[in-house]
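I opened the notebook to work through one model, piece by piece. Here is what I looked up, in the order I did it.

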Amino acid sequence: MSETTNRSLLLHGVTKSYETATGAPKTVLDGIDLRVEPGELVVLLGANGSGKSTTLKIASGMIPPSTGDVRIGQTDITRMRGETRRQSRMKLGMVFQDARLIRRRSVLSNVLCGTLGRHQNIATMLGFLPRSERPLAMSCLDRVGLGALAGQRASTLSGGQAQRVSVARALAQKPSVILADEPVASLDPESAEEVMTLLATVARNERLAVLCVLHQIDLARRHATRLVGLKKGHILFDLPPSAVNDAMIATLYTRDAA
Ligand SMILES: Nc1ncnc2c1ncn2[C@@H]1O[C@H](COP(=O)(O)OP(=O)(O)OP(=O)(O)O)[C@@H](O)[C@H]1O
Ligand SMILES: [Mg+2]
């Protein structure tokens, strides 16, 4: 089977309706078709409430779609249960706005946490981390340029370093796909540039499919292989950055436009 069929992320006909207090369901995603190939960094743009995080939560298997399916390669992750579901979720590395590190543990221990899905046993249930994965965890830290900080407490890191450690933790899962929801929202411009460069590099060099939500248009234009514009639960465009003009971007953020 080709690399593309094995490791791409595909959302097909995805809709999502949430129950509301009034009883009438609210449709927040309406027919999302999206494919991210290995090596690509696809950036999802859209106004607040347009459905970006909902798209990522469905792509990660965190919440189910109302209809449609999500595939990694040939595997439909929306219909998995139990052990097979756990194994498929290991293929998805997550990066959030806040790095979500365990502050009192070392940087290396935090990266080791990314391997826990492969080690469900009494020792790990008691809080021990798998020593056998230390070389892999070190190599993941080296790949994000922070090998020298392995023994440092996570609480001492700057925001940009913490986010790079969270990327290393995601890499330790040995994922096919990385999903990042506003990974640079809390970072200064220089750190934001570093983290986006890192995500683009891991996509390209490690042949990962990376789907990332951003509000920073300039960063998106510089680093994305494709820009996907979402408005009120619909995809308005899915194009390389060079084909997206300022008017198309403006439409995403204009409240009264269709
Ligand atoms: N659990 C929920 N129950 C009901 N409505 C929800 C739920 N989660 C999200 N929504 C609604 O779905 C819509 C899309 O939310 P989502 O978080 O996906 O937006 P977003 O594009 O990520 O916005 P932002 O840029 O502010 O992060 C919003 O109107 C939100 O209020
Ligand atoms: Mg969001």
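**Entry 1**

I began with an open sheet of six strands, ordered 6-7-8-3-9-10, where the pairing is mixed. At its edges I found strand 6 (92-95) and strand 10 (234-239), each of which pairs on one side only. Neighbouring strands in this sheet are turned by 20° against each other on average, direction ignored.

Some bookkeeping before I go on. This is a predicted model, where local features need pLDDT of at least 70 and side-chain atom pairs count only at pLDDT 80 or more, while totals for chains, interfaces and linings use all residues. Residues are numbered from 1 along each chain as its sequence is written, and chains are lettered from A and ligands numbered from 1 in the order in which they are written.

I also noted my terms. Helices (H or I, at least four residues) and strands (E, at least two) are DSSP runs, numbered from the N terminus. Two strands pair if DSSP finds at least two bridges between them. For angles, axes are lines fitted to C-alpha atoms, for helices over the stretch in contact, and the values run from 0 to 180 degrees between N-to-C directions.

Next I looked inside the sheet. Strand 3 (residues 41-45) and strand 8 (residues 209-213) run parallel and are joined by four bridges. Val42 has Leu211 in strand 8 as its bridge partner.

I then turned to an open sheet of four strands, in the order 2-1-4-5, with antiparallel pairing. Strand 2 (26-36) and strand 5 (75-76) are the edge strands, and each pairs on one side only.

How many bridges pair strand 1 with strand 2? I got eight, in the antiparallel sense. One partner of Leu9 to write down is Val36, its bridge partner in strand 2. Strand 1 is also joined to strand 4, antiparallel again, by five bridges. There, Leu10 has Arg71 of strand 4 as its bridge partner.

Arg71 turned up again when I moved along: its bridge partner in strand 5 is Asp76. Strand 4 (residues 67-72) and strand 5 run antiparallel with two bridges between them. Ile72 stands opposite Thr75 in strand 5. This hairpin has two residues between the strands, and Gly73 takes a positive phi near 60° in it.

I also checked what covers this sheet. Helix 2 (residues 52-60) lies across strand 1 (9-18), strand 2 and strand 4, and runs at about 120° to strand 1.

**Entry 1: around ligand 1**

Which residues are around ligand 1? My list is Tyr18, Val28, Gly46, Asn48, Gly49, Ser50, Gly51, Lys52, Ser53 and Thr54. Here a residue is near if its C-beta atom, placed from the backbone, lies within 6 Å of the molecule or strand. Helix 2 gives the largest share of this shell, three residues. By class I wrote two nonpolar, seven polar and one charged. In that scheme Ala, Val, Leu, Ile, Met, Phe, Trp, Tyr, Cys and Pro count as nonpolar, Asp, Glu, Lys and Arg as charged, and the others, Gly among them, as polar.

**Entry 2: helix against helix**

Helix 7 (residues 159-172) packs with helix 8 (residues 189-205) at an angle of about 15°, their axes 9 Å apart. The two are therefore roughly parallel to each other. For those words, angles under 35 degrees count as roughly parallel, over 145 as roughly antiparallel, 65 to 115 as roughly perpendicular and the rest as oblique.

From helix 7, Gly159, Gly160, Gln163, Arg164, Val167 and Leu171 meet Ser191, Glu194, Val195, Leu198, Leu199 and Val202 of helix 8. Contact means C-beta atoms, placed from the backbone, within 7 Å. This contact has six nonpolar, four polar and two charged residues.

Helix 6 (residues 134-143) packs with helix 7 at about 135°, with axes 9 Å apart. Helix 6 and helix 7 are therefore oblique to each other. I found Leu136, Ala137, Cys140, Leu141 and Arg143 of helix 6 meeting Ala168, Leu171 and Ala172 of helix 7. That contact divides into seven nonpolar, no polar and one charged.

How values were computed: Two residues are in contact if their C-beta atoms, placed from the backbone, lie within 7 Å.
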